[in-house]
Amino acid sequence: MKVRGQLKEYNVVGRAYPTESNPKPALYRMRIFANDEVVAKSRFWYFAKKLKKIKKTRGEIILCQQRYDKKPLKVKNFGVWLRYDSRSGTHNMYREYRDMTTAAAVTQCYRDMGARHRARAHSIQIIRVQEIANKDCRRTHIKQFHVKKLKFPLAHCTQRRLHPIFTTTKPKTYFH
């Protein structure tokens, strides 16, 4: 799997074909993060083969639809549980991200894992993604944004109230 651009969240539902021994096979629903629908279906079969021993040739996909967040314009905290294969072995990990949508937080996770751990996208498996309340956050780099009166001051700005646009003196950029 290659992560190009922004990932999307898909609900994929599939099952094994009905047989004489099992006329009503169980449905399996997975929450898959992928670039498009084709990759989402492919990832579904990858996990179904590993977890439930259902191959693509012996099964069918019932539903594949994109899933959207209820409040995409609100900044939220997300906890991401994942496992990835490194050069030395398989590792489980919990990470926290602050973003507006679940798909954007997972995209940020893939980028971060590639940068910090050199983990390729195909070796990362997202186990669970959950929105977390401010009080439940563990990581300090996320907690620092929970202050009520958070400000981003401009340290070096010019005051141009009564000054002309072009002048012979250099402007002051730092004020106490």
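In which helix does Thr107 lie? The legends below work through this and a few other views of a predicted model.

**View 1. Thr107 sits in helix α2, which covers residues 102–117.** Buried or exposed, how does Thr107 count? With a relative accessibility of 5%, Thr107 counts as buried, because the cut-off for buried is under 20%. If we set aside residues up to four places away in sequence, Thr107 touches Gly5, Gln6 and Leu7.

**View 2. Gln125 belongs to strand β6.** Its relative accessibility is 11%, so Gln125 counts as buried too. Which residues does Gln125 contact, leaving aside neighbours within four places in sequence? One group is Tyr46, Phe47 and Lys50, and the list continues with Trp81, Leu82 and Arg83. For a sense of distance, pick out Ala16 as well: Gln125 and Ala16 are 109 residues apart in sequence, and their C-alpha atoms are 23 Å apart in space.

**View 3. The largest pocket holds about 420 Å³ of space.** Its lining is made up of 17 residues, and those closest to the centre are Arg31, Phe47, Gln125, Ile126 and Ile127.

**View 4. Strand β6 supplies the largest share of the lining of the largest pocket.** How many residues come from β6? The strand contributes six. Sorted by class, the lining of this pocket has 11 nonpolar residues, five charged residues and one polar residue.

**View 5. Stepping back, the protein chain has three helices and six strands.** Followed from the N terminus, the elements come in the order β-β-α-β-β-β-α-β-α. Among contacts between residues at least 6 apart in sequence, 60% join residues at least 24 apart.

**View 6. The C-alpha trace of the protein chain spans about 90 × 35 × 35 Å along its principal axes.** The radius of gyration of the protein chain is 23 Å, whereas a compact globule of 176 residues would have one near 16 Å. Of the 176 residues, 32% count as buried; Thr107 and Gln125 count as buried. The protein chain exposes about 13200 Å², and carbon and sulfur atoms supply 52% of that area.

Key: Residues are numbered from 1 along each chain as its sequence is written. This is a predicted model: local features need pLDDT of at least 70, side-chain atom pairs count only at pLDDT 80 or more; totals for chains, interfaces and linings use all residues. Side-chain values use heavy atoms; hydrogens and water are left out. On a 1 Å grid over the protein atoms alone, a cavity is a set of points where a 1.4 Å probe fits but cannot get out, and a pocket is an open set with protein on both sides within 12 Å along at least five of seven lines; lining residues have an atom within 4 Å of a point. Grid points are joined across faces, edges and corners, and a volume is the space filled by probe spheres set on the points. Helices (H or I, at least four residues) and strands (E, at least two) are DSSP runs, numbered from the N terminus. Ala, Val, Leu, Ile, Met, Phe, Trp, Tyr, Cys and Pro count as nonpolar, Asp, Glu, Lys and Arg as charged, and the others, Gly among them, as polar. The radius of gyration is taken over C-alpha atoms; the globule rule is 2.2 Å times the number of residues to the power 0.38. Buried means under 20% relative accessible area, exposed over 50%, partly exposed in between (1.4 Å probe, protein chains only). Contact means heavy atoms within 4.5 Å. Accessible areas come from the Shrake-Rupley method with a 1.4 Å probe; for residues, only the protein chains shown count as cover.
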